[in-house]
Each structure stands twice: as structure tokens, then as C-alpha cells.
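Hi,

Here is the structure I promised to pass on. Have a look at it first, and then read my notes below.

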Amino acid sequence: MVHQRLPVFDAGRGGKRFMLTLVAGVIFGFLSACLLITATKDAPGMLNWMSRSSSFYNDPHHHGDVDNEIAPETEIKFHGVDENEHIGEDAIASELSKKVRVLCWIMTGPANHQTKARHVKATWGKRCNILLFMSSAEDKTLPTVVLPVNEGRDNLWAKTKEAFKYSYEKYKDEVDWFVKADDDTYLIVENLRYMLSSYDPKSPLYFGCRFKPYVKQGYMSGGAGYVLSNEAVRKFVNEGLNDSKKCRSDNGGAEDVEMGKCLENINVKAMDSRDQFGRGRFFPFTPESHLIPNRVAKDLWYWNYIFYETKHGLNCCSDSAISFHYVSPNMMYVLEYLIYHLRPYGINHSVEKLTVNPSAITEQI
């Protein structure tokens, strides 16, 4: 019988080889981590896109998810403010702001006051007739309205109810329309007034990016921002919040869905916010996401949620678009420049003469 000789393990030589492999692995891992950190510092946009694309794009009710975006650390001033380059250009818009009075309240929180909310104030927010920042902590630089509600996504519905209640009770005689927006929403207020100028704020009306699930008449995306007439807010505060059968009384639920259910129950009409060509005005994603074909994946929830047929690419969006969501602080300043300061030489934009009609439209659903 032949006995096979088994190999003898050399503890000394094998142990050294194991230790060398272990040390090499640790060094390699450390260097890889250092390279990754350096790369993400140099290219934060890539890291932010990767982290965000797996969260907000898969959740129609996710609010304000640009926390990792880098924001300007110093105050940004645009040319024209001090140099008076654009004097007179906004004469028509200024006149309309007296006839279509808009209150904008911004959903924010202590962690976002200086990283996001202050950039809303520095850009589009200043064009609202009244601008309010709804939070749970005081910040005199904004300033904030301190609501008796805890922070956190589970409390957004409670915060929304308190915000509309506060806004209506304090400003009901000073404005015609109430806008809710997130602190990562960018809104072109002049285009909002242009759209609203055809409607009667004394009618119970409701505008925004209209989604179709959960509510028979649809509901408006919270992130894209939505608009209630003075009468709609009156009914919400006086009829909805006092009746738990009409409006959810606890803090739970998705804020925009609960608002849609509540408004339907108190006979506030969900309106068509599209322009005369059927192109949208309120958008739940960034401009890039809507303008570039297939940027929003074909199998994403968005296509099943959107109330009206929507096209890919440049035909998606109205020339009088009103809002975009998930806009970083840096992008807010880019949009501010492109919209209000950049002027293509030789291009004139005609302005439609408006007649603000107090007894105008009440859309039939």
C-alpha cells in the first residue's frame, strides 16, 4: 500500500506570507479610501447625484433632498442691482404684482436656514408680496415663523396645516393667493401671477403639478409647489381643519396627498395649470430632468402619477414655466442670472396685455 506524503505546513514561512498579504491589503484599502475622498471633494456633484438619484427619484413624496449640495458661503450680488442696468424692464411685472398679490411660505427647518432657505430669500423669494419661512426655531436673518410642530418628515402634514392657518389669519386681507414651496424649489413669480391673473381668488381654486393617484380630482406635488386662492385657504382653515372627517387630524400621511384629499372634501377645485399648448408649468424635478429626453426614466413613478400626457424634451415645458424642484442653492443663482439678467442681443419679447378680471374663470372638472 502506497502512502501519500502530506505536505508539511511551514508555520514560519506561511505566517510571514499571511502577514505580508494582510499588510498589503490594509495599505491598498487605505489608499483607495483616500483617493475616493479626494475625488468626491473635487467632484461633489457626482457623489450628490449618485446619492440623490436613488432616493428622491423613487419617491413622489420626498421633500427637500439636496442636503449635500454645496451652497455659496458669501453673499452674491447681481449686476443691475447697484448699477441700475435693468431699470424699467420690470414695469409691467411690478404693476401686476399690485393686482395679483401673492404670499409665499417656505417649508424649511433649522438645519436648512443658512444652507438653503437664505438662498431662496436672496433669489426668487424677494418677488413675492409676502415671504414667510416656516420652521420650528427662530432665525432673525430670514426671519422665521416658529410653528408649534416638531421637525421631521413625519410632521410635514402638521406643519403644513399650521403654516396655512398662520398665513391666513395674519394676511388674509393683504393677499389674493397663497403659495407653498420647499426650500429647494425655484419659482418664477412673474409667470405665476401671469397665470393667476385670469382667475378669481374669491373662488375655491388650487393649482400645481397635478398627480392622479389617491384623489379623484388629483392632487398637487408638494415639491413643485402649489397655490391656493384666498377662498380655498379660507375653506381649508375654517371648514377643513375643524372636521376630522374632511381633513386628517393627526400628523401622519404625505403632506401633498393629505392636502389633496382635504381640498376635494371641502369642494376646492384642482385646476389645470398647463398653458394653451398643453405644456406644463409646475415641475417636480430639476430643469435638466424635464428638458433632456429620457433623463426621467421611462419606468419611474412619475409617468404613472402625472395627470396629463407629458412629452419628453423641450416640448415638456411651457415658455411661462413657474416652478422646478430639487434645485440646489448654486443652481438658484444660475437660474436667477439666466432668467433675469442674460439678454440675447436683438431679441425682443412681446408682452400680452392683461385684463385682470375678478369674475374670471371657474374651471369645470
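Let's start with a pair of cysteines: Cys-247 is buried, and Cys-262 is buried too. Keep in mind that this is a predicted model. The two form a disulfide, with their sulfur atoms 1.6 Å apart. A disulfide, in case the word is new, is a covalent bond between the sulfur atoms of two cysteines. The torsion about the S-S bond of Cys-247 and Cys-262 is about 50°, so this disulfide is right-handed. As for where they sit, Cys-247 is in the loop between helix H7 (230-240) and H8, while Cys-262 belongs to helix H8 itself, so the bond ties together parts that are 15 residues apart in sequence.

How many disulfides does a search of the whole structure find? It turns up 3. If you count the bonded cysteines along the chain, the pattern is 1-2, 3-4, 5-6.

Another of them joins Cys-104 to Cys-128, with an S to S distance of 2.0 Å. Its torsion about the S-S bond is about -90°, so it is left-handed. This pair links distant parts of the chain, 24 residues apart: Cys-104 is in strand E1 (residues 102-107), and Cys-128 is in the loop between helix H4 (113-122) and strand E2 (130-135). Buried means under 20% relative accessible area, so Cys-104, at 0%, counts as buried, and so does Cys-128, at 8%.

Then there is the disulfide from Cys-316 to Cys-317, S to S 2.2 Å. With a torsion of about -75° about its S-S bond, it is left-handed. Cys-316 is buried at 3% relative accessible area, and Cys-317 is buried at 7%.

Now back to helix H8, for a bit of helix packing. Two packed helices are described by the angle between their axes and the distance between the axes. Helix H5 (residues 156-171) packs with helix H8 (residues 255-265) at an angle of about 55°, and their axes are 8 Å apart. That makes H5 and H8 oblique to each other, and their crossing is right-handed. On the H5 side, the contact is made by Leu-156, Trp-157, Thr-160 and Phe-164; on the H8 side, by Glu-255, Glu-258, Met-259 and Cys-262. Sorted by class, that contact has 5 nonpolar, 1 polar and 2 charged residues. Notice that Cys-262 shows up here as well as in the disulfide with Cys-247.

Notes
Residues are numbered from 1 along each chain as its sequence is written. This is a predicted model: local features need pLDDT of at least 70, side-chain atom pairs count only at pLDDT 80 or more; totals for chains, interfaces and linings use all residues. Side-chain values use heavy atoms; hydrogens and water are left out. Axes are lines fitted to C-alpha atoms, for helices over the stretch in contact, and angles run from 0 to 180 degrees between N-to-C directions. Helices (H or I, at least four residues) and strands (E, at least two) are DSSP runs, numbered from the N terminus. Angles under 35 degrees count as roughly parallel, over 145 as roughly antiparallel, 65 to 115 as roughly perpendicular and the rest as oblique. A crossing is left-handed if the near helix is turned anticlockwise from the far one by less than a right angle, and right-handed if clockwise. Contact means heavy atoms within 4.5 Å. Ala, Val, Leu, Ile, Met, Phe, Trp, Tyr, Cys and Pro count as nonpolar, Asp, Glu, Lys and Arg as charged, and the others, Gly among them, as polar. A disulfide is a pair of cysteine sulfur atoms within 2.5 Å. Buried means under 20% relative accessible area, exposed over 50%, partly exposed in between (1.4 Å probe, protein chains only).
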